[in-house]
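Please look through the sequence and the model below before reading on. The paragraphs that follow take the ligand surroundings and then some points of the backbone.

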Amino acid sequence: MKRPVDAVLAKRKVLDYCLRKGALCAGIADLDAINKVAPAGHRPADLMPKVKSVVSIGVGGNTRGAWGVSAKALTYFGSTEARAYKIAYGLAFYIEHTFGIPAVYCPPDMDSEAGARVPFQSLKLHAELAGLGARSLAGDILLHPEFGYMYYASAFTELVLAPDEPLKENPCPAPSCVAMYREVGKTPCMKFCPVQCLSGKLDEHGRQAEMYYDMAACAEMSQQFEAMPKVLAKAMREHDPQDFDDLLALESKLLFYKLSTGSHAMFGQCFECMRVCPIATKAPLADPILRSEAARAKPDAAAPHK
Ligand code: SF4
Ligand code: SF4
């Protein structure tokens with residue numbers, strides 16, 4: 001028998017669970033708004049037919065120290081995304097246990113029927129509509145005015161939760177980016193992208209007017225750090241079947257280790273656009289040092305929320 005649910009209390013419990021488990025922020029994306037943007041086959045009901053709510057979760061990105069490491073190491077620092085997935089997974093169990101209503105973790109993975117670069121669902125769209133970040137000039141990477149650069153995960157449920165709204169203000173471009181654009185015609189992400197795959201225009205108020213992102217050039221740049229294509233390319237050059245087998249057996253240990261760590265680091269960014277981004281690196285709560293300083297300055301303040 002279904003238990004009666006107080007929708008306001010349920011939402012508070014769901015969001016509190018996410019924050020308690022380590023999310024920096026969490027919110028509910030408007031299902032109708034998702035359906036207007038997401039293409040057929042990639043809408044929440046395509047994954048969970050009776051879905052009523054989409055919960056989006058944001059976790060902190062890199063530590064401050066990470067922004068100083070070499071490019072080939074930085075490309076693997078997306079690993080905090082695994083924490084977001086863990087919270088979303090736990091949330092699905094929590095919702096079923098607490099409310100007796102079905103919930104699922106939304107896989108961040110690619111839809112095998114749609115090709116190697118098309119995900120089941122756009123976690124970015126869920127996060128944007130839930131108010132967890134706004135699209136930046138750096139290839140639409142979401143940025144948050146307080147938390148900067150985050151990783152996102154989603155959970156779907158048949159529990160009815162009131163939707164949140166997208167951010168009212170986009171923190172990108174930051175004032176220093178506008179100043180640079182006025183001087184050299186580029187913002188930092190555009191200027192320092194090693195393959196110049198970002199370009200765009202600001203209007204007279206210093207707001208985004210146009211953004212262009214050459215995804216293929218970015219992918220080519222980032223893939224130089226990927227292990228999987230390199231291993232396969234090396235194996236294909238082997239003519240002796242035994243050498244071919246040996247190589248894959250040896251290298252697959254590395255690949256399966258990477259997969260088992262849950263880093264999902266088979267495709268990363270080169271991160272140079274974020275390394276130079278003042279929102280990603282200097283937003284008031286962008287890294288653990290800033291967050292602990294803020295917590296010490298206001299010890300009685302509630303846990304960070306949206
Ligand atoms: S990840 Fe690298 S290649 Fe891609 S847009 Fe950012 S700086 Fe350019
Ligand atoms: S550097 Fe960051 S804030 Fe500045 S324009 Fe690029 S993405 Fe936006």
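Predicted model: local features only at pLDDT ≥ 70, side-chain atom pairs only at ≥ 80, totals over all residues.

Helices, which are runs of H or I in DSSP of at least four residues, are numbered from the N terminus.

Ligand 1 is surrounded by 15 residues. Cys193, Cys218, Gln269, Cys270 and Cys273 are the closest of them. Two or more residues of this shell come from each of helix H9 (215-223) and helix H12 (272-275). The largest share is that of H9, which gives 3 residues. Sorted by class, the shell around ligand 1 holds 11 nonpolar residues, 3 polar ones and 1 charged one.

Ligand 2 has 13 residues around it. Those that come nearest are Cys172, Cys177, Thr187, Cys189 and Cys277. At least two residues of this shell are supplied by H8, and at least two by helix H13 (278-282). The classes in the shell around ligand 2 are 11 nonpolar and 2 polar, with no charged residues.

Cys172 also takes part in a feature of the backbone. The peptide bond that joins Cys172 to Pro173 is cis, with omega about 5°. Where is Pro173 found? Pro173 sits in the loop between strand S6 (148-157) and helix H7 (175-184).

Two other loop residues have a positive phi although neither is glycine. For Asp140, phi is near 75°. Asp140 belongs to the loop between strand S4 (134-135) and strand S5 (142-144). Asp140 counts as partly exposed because 14 C-beta neighbours lie inside 10 Å, and a residue is called buried at 20 or more and exposed at 12 or fewer.

Is Gln196 buried or exposed? Gln196 has 12 other C-beta atoms within 10 Å, so Gln196 is exposed.

Leu24 lies in the loop between helix H1 (7-20) and strand S1 (25-29). Why does Leu24 count as buried? Leu24 counts as buried because it has 26 C-beta neighbours inside 10 Å. Leu24 and Leu132 are 108 residues apart along the chain, and 9.5 Å separates their C-alpha atoms.

Key
Residues numbered from 1 in each chain as written. Chains lettered and ligands numbered in written order. Near = placed C-beta within 6 Å. Nonpolar A, V, L, I, M, F, W, Y, C, P; charged D, E, K, R; others polar.
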